[in-house]
Amino acid sequence: MSKVNGLDSLGLSEIQEVYYNLSYDELYEHEIKNGEGRTTFNGTFSVDTGIFTGRSPKDKYFVMSKPSNRNISWGKVNKSTSKEVFDDVFEKVKEHLSNKDIYVQDAYCGAATESRKSIRVVTELAWQAHFIKNMFIQPELEELDSFVPEFTIYNACKLSNEDYDKHDLHSDVFVIFNVEKNIAIIGGTWYGGEMKKGVFSMMNYWLPLEGKLSMHCSANVGEDGDTALFFGLSGTGKTTLSTDAKRRLIGDDEHGWDDKGVFNFEGGCYAKCIGLDPQNEPEIYGAIKRNALLENVVMDEDGKVDYDDGSKTENTRVSYPIQHILNHKRSLKAPHPKKIIFLTADAFGVFPPVSRLTKEQAMYYFMSGYTAKVAGTERGITEPVATFSSCFGEAFLPLHPTVYAKLLGEKIDKHGVDVYLVNTGWTGGCYGVGTRMSIKATRACINAILDGSIEKEEFEKTQYFDLSIPKKLDGVETNILNPRNTWLNKSLFDASHKELAAMFIKNFKKYITEDSDFSLAGPKL
């Protein structure tokens, strides 16, 4: 085992055992010994993350400090706290992690050597070290001998900050980033995704300042080197649609785009499990085996998982090393993309299954980042709710959304990229009335985009949104290509269509500046 460089600099005292970059077998032994979860019938370890089965965005803060405070876009997403509060809570974290065994996991974020960052995560749970091992790129043994972390996460998930009122924080849960000290501290939540998205947030800070685009997207590449990017919020199909037996997977969630091409930030995947079907998603289903890590799933006494059971949460998850997907790109890198696909799960049932976008429309829909929440996903939601998340990842953007949009526009122009909008949501009516777009139909739309056959079709324009949609497409019922055709009540469709257009217009007003106004590419009433 390699020595841990910089252990003294962690600020912990009387550390007992340090379990450093353990193997999968060693981590599994620790998980079992510590009683951290259960093993499924096929050897996959499964954990519960307690009351937090998702991220806690209201408890996320950045330290107000120079020079990062001039770069960060402050507001509801990026809330500030003081250096004094950070120092006080950090002392609590260090005290909590002292005088005990700790797990230290070192990894890289970014497959491109010129753009990657070295990450260290310190935790007291074996499964959280396992999660990091799954999700990020593992250094070679010889690299560990000289590994120096550029960013460190202290995960004190068992610690609650009882002084949150005095600190003027939202609750006793905290996720605080200190950009100048290159440190993040986490407490009060066990959810694994806080670590993953914490690193992603920092990549979204560092890379654009270097002129590189950071992206919340999945990516794959064909035999001819034709790279495709899939942007979309959670539940829109990024993981499912980029996992394609005919194409090599680069990654399912987070990527960078520099002067040499596209590269995965991660070394693994973090897929939703709710409703997982081995017939529709065989690659993901097959990836759930020993060394994968399940979160918050329901299983019986024999360890058989019921993927349809959302009684703990609709946000059941599995993390697994990308090697579990047989058809992955080993380098986790690929050439500049030829196609970009924006995914939306439109629960209003008014978006076409596929649309071709102009460059200006691409900028508009990228900055809008639309999808819809439906009943059951969050407490209190009983009907579809439009959700707009800039750049399909507003919750993880420390900089202003226009910074990322400008970089995307420059790269679309430079590399001649075609952009499309694909609706994986509802057709024939809104949620509760219509039906979810079939994966088969969506796959046919994706395939037509990737092989270029969609460009041979005749297109027509939709009302309000002025989207270009094909009149026919192989593998897709012609009737559903224009969503108005699928509604029995045409006047109700028109009203819903107009209502959603108004939501887009209202949301986009905050992005209109003297120097930039893509609203003309959006809907018109």
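**Close-up views of pockets, cavities and cores**

**View 1. The second largest pocket and its lining.** By class, nine nonpolar, eight polar and six charged residues make up the lining of the second largest pocket (nonpolar: Ala, Val, Leu, Ile, Met, Phe, Trp, Tyr, Cys and Pro; charged: Asp, Glu, Lys and Arg; polar: the others, Gly among them). The model shown is predicted, so local features need pLDDT of at least 70 and side-chain atom pairs count only at pLDDT 80 or more, whereas totals for chains, interfaces and linings use all residues. Residues are numbered from 1 along each chain as its sequence is written, and side-chain values use heavy atoms, with hydrogens and water left out. The lining comprises 23 residues, and those nearest the centre of the pocket are Ile137, Gln138, Gln323, Arg330 and Leu332. The volume of this pocket is about 380 Å³ (the space filled by probe spheres set on grid points that are joined across faces, edges and corners). On a 1 Å grid over the protein atoms alone, a pocket is an open set of points with protein on both sides within 12 Å along at least five of seven lines, a cavity is a set where a 1.4 Å probe fits but cannot get out, and lining residues have an atom within 4 Å of a point.

View 2. Lys197 lies in helix H5 (residues 193-209) and is buried, with a relative accessible area of 11% (buried means under 20%, exposed over 50% and partly exposed in between, for a 1.4 Å probe and protein chains only). The side chains of Lys197 and His216 are joined by a polar contact of 3.4 Å (N or O atoms within 3.5 Å, one able to donate a hydrogen and the other to accept it, with residues adjacent in sequence counted only if both atoms are side-chain atoms). Not counting residues up to four places away in sequence, Lys197 touches Arg55, His216, Asp253, Glu254 and Phe396 (heavy atoms within 4.5 Å).

**View 3. Ser56, in a loop between two strands.** Ser56 sits between strand S3 (45-47) and strand S4 (60-63) and is buried, with a relative accessible area of 7%. A polar contact of 2.4 Å links the side chains of Ser56 and Asp59. Apart from neighbours within four places in sequence, Ser56 is in contact with Val173 and Glu194.

**View 4. The second largest cavity.** This cavity has a volume of about 40 Å³ and is lined by Phe200, Asn204, Ser214, Met215, His216, Phe366, Cys391, Gly393, Leu397 and Tyr404. H5 and strand S11 (213-221) are the elements that give two or more residues to this lining, and S11 gives the most, with three residues. By class, the lining has six nonpolar, four polar and no charged residues.

**View 5. The largest nonpolar core.** Among the 138 residues of this core, Ile185, Ile340, Phe342 and Tyr365 touch the most other members (buried Ala, Val, Leu, Ile, Met, Phe, Trp, Tyr and Cys residues joined through side-chain atoms within 4.5 Å). H5 provides the largest share of this core, eight residues.

Key. Helix = DSSP H or I, 4+ residues; strand = E, 2+ residues; numbered from the N terminus.
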